[in-house]
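Subject: Structure handover

Hello,

Here is the structure for your work. Notes on what was found in it follow below.

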Amino acid sequence: QVSLSMAPVNIFKQGADEERAETARLSSFVGAIAIGDLVKSTLGPKGMDKILLSGGKGGTVTVTNDGATILKAIGVDNPAAKVLVDMSKVQDDEVGDGTTSVTVLAAELLREAELLVAKKIHPQTIISGWRKATQAARDALREAAADHSNDASRFQEDLLNIARTTLSSKLLTHHKDHFARLAVDAVIRLKGSGNLDAIHVIKKLGGSLTDSYLDEGFLLDKKIGVNQPKRMENVKILIANTGMDTDKIKIFGSRVRVDSTAKVAEIELAEKEKMKEKVERILKHGINCFINRQLIYNYPEQLFAQAGIMAIEHADFSGVERLALVTGGEITSTFDHPELVKLGHCKLIEEVMIGEDTLIHFSGVAMGEACTIVLRGATQQILDEAERSLHDALCVLAQTVKEPRTVYGGGSAEMLMAKVVSDLANRTPGKEAVAMESFAKALRMLPTIIADNAGYDSADLVAQLRAAHQEGRSTFGLNMSEGTIGDMAELGITESFQVKRQVLLSASEAAEMILRVDDVIKAAPRKRVPDHHPC
C-alpha cells in the first residue's frame, strides 16, 4: 500500500507552473548562458556587430555592438536572463562601458557552476568559495591600479589611452585617435564636474566620420524668426516656456453671442492687445534674445522683429534645459517681476551651416565647460552607433576624472586576477578550492573570447599569457593587432579601474544570485473577462 504523501499534490492555482530543484537550476543556467553567448561575439577590438530589427511596419534598423543596447532591445522571458539584462543596464548607467564584459563574465561563472553542481558540490559551497575569490581578485586589482592624477601630462595621456581603448571595440576603431581626442577635450573642459549634460551631441547626415568636430559653443538645431537679426553680440537671453500663440480667438468652453461681425473684431482686438502687453512685459527685461519652448505666432514674432530682438521658437525641451544650464539662465513662465528673473548671457549668437542645415551657434557662454560635438556620417545607423560609442567613451572618461586610478587592458587585468585566485585556491583546503579554481577559469575566459573573436588561436595565446603572468610580468596582455602577447604598458592599452571593478563585482553578485535559485514558480495568467460595457 502506497502512503498518501507520495501522491503529487498541486497546491497552486490552475495554470500556475512550478519548476523544482534541478529543473529550475538548469533553466536558469541555460537562460543566462544563452544571453552570454549572444553578446560574447561583440567583445573586444575585433568583436562583430549585431543588427537589431524592431517589429512593426516602420521597422527601424539598429547596427550596434554595445552590449547594453543589444540586451535592452531583445525581449527576454527567462528569469535568469532578465537578471543579466538588468545587470548590463546598471553597468551602462553606472560607468558607461564594460556592458558586454560583465554579461559574459557572469555567464561564464554560471557555466562553471553548472559543472560543479553536476559534480554534487552544494551551491552554498560554491558561493562561499566565490566570495573569497572575489575579495582576492578585488584586492589584486586595487594593488595593480596606478594613479597619475597629480601629474597633468601623464594623466592626459592616460585619458587618451582609456578613450582609445574604449573606442577600439566600437565602430569608431579606425578613427579612434580623432575621436579619443574629441572625447578627452570635451571631458577636460568639464573641469572635473562630470556633468555630461553640458556636452551636447548633434548628429548631421553627410560628410564622413572624420569630419566630426568639437565646437566650443552651444549649437541649437532651430531657426531664427523672420525679419530678425541673424547675428548678435553680447546677448542677454530670456529662456521661457510660455504660450505665445494667441492671435486667434481662444475662449474655450464658452459661447459668445454677438449681433454683428464688428463685435468679433473687438474680441480679436482684445486678444491682440493681451498678446502685445505680454510682449511688452517680456521686453521690459532688457533682453535682446528670446527663446521659447513653445510656438511663437506671426503677430508676436513681428513685434519682436520690430524691437530688434531675436526670437527662437519651439526649442525642444532638452534643448531648453541644456541651454538654461549652459548660459546660466533660468526657464521662466511668468514675466511680472523682471528683477527676479535670471537671464542667460553669451557673447555671440550667429547662424552656421552644417551640411545642408542652418543651426544657431552660441559662443562665449557663461558656463565655460559647455561644448557641442558634431557628428557627421554617411547613414543614420552609422551616426547612431557613433553616438553610442562616443557616449561610452565620455562616461568612462568622466568616471576616470572622478576616480583617477587606471589598470591595463587587453586581458591583462583579468589574467592578473585569475592568477591571484588560483594561488588562493592552491592554499585553500576543502571543497571551496574547487569553486575558486572555477572562478579563475571564468576570468580567463574573457581573454580567450577576445582572442577567439579575432580568429586567433586562443588556447595558445592564453597559455602564453598565463605563463608570462606566472613569471611575474603582470602588465602583459593580448596585442590584438599582431595576434601575439605583448606589454600593455608600452602599447598604451589602459582601462579605468572603476569599470573593471564594477565588472568584477556585478558579475559575481549576479551569478551568485542566480546560483541560489532552487525553485521557479510562475503565477497563473489572469483570465480575460469579456468587457460587456464599452464606454
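In which sense do S4 and strand S15 (residues 405-408) pair, and over how many bridges? The model is predicted, and in it S4 and S15 pair in the antiparallel sense over 2 bridges. Within this pairing, alanine 146 stands opposite threonine 406 in S15.

The sheet around them is open, has 3 strands in the order S4-S15-S18, and is paired antiparallel. Strand S4 (146-147) and strand S18 (494-496) are at its edges; each has a single partner strand, so one side of each lacks a neighbour in the sheet. Helix H6 (residues 152-168) packs on the sheet and touches S15 and S18. The direction of H6 makes about 90° with that of S18.

Next, a helix pair. Helix H3 (residues 79-94) and helix H4 (residues 99-118) have axes that come within 8 Å and cross at roughly 150°. The crossing of H3 with H4 is right-handed. On the H3 side the contact involves Leu84, Met87, Ser88, Gln91 and Asp92; on the H4 side it involves Thr99, Val102, Thr103 and Ala106. Sorted by class, this contact has 4 nonpolar, 4 polar and 1 charged residues.

Last, one single residue. Threonine 448 lies in helix H13 (residues 432-453). Is threonine 448 buried or exposed? Its relative accessible area is 14%, and threonine 448 therefore counts as buried, the cut-off being under 20%. Leaving aside residues up to four places away in sequence, threonine 448 touches Ser458 and Val462.

Regards

Technical notes:
Residues are numbered from 1 along each chain as its sequence is written. This is a predicted model: local features need pLDDT of at least 70, side-chain atom pairs count only at pLDDT 80 or more; totals for chains, interfaces and linings use all residues. Side-chain values use heavy atoms; hydrogens and water are left out. Axes are lines fitted to C-alpha atoms, for helices over the stretch in contact, and angles run from 0 to 180 degrees between N-to-C directions. Helices (H or I, at least four residues) and strands (E, at least two) are DSSP runs, numbered from the N terminus. A crossing is left-handed if the near helix is turned anticlockwise from the far one by less than a right angle, and right-handed if clockwise. Contact means heavy atoms within 4.5 Å. Ala, Val, Leu, Ile, Met, Phe, Trp, Tyr, Cys and Pro count as nonpolar, Asp, Glu, Lys and Arg as charged, and the others, Gly among them, as polar. Buried means under 20% relative accessible area, exposed over 50%, partly exposed in between (1.4 Å probe, protein chains only). Two strands pair if DSSP finds at least two bridges between them.
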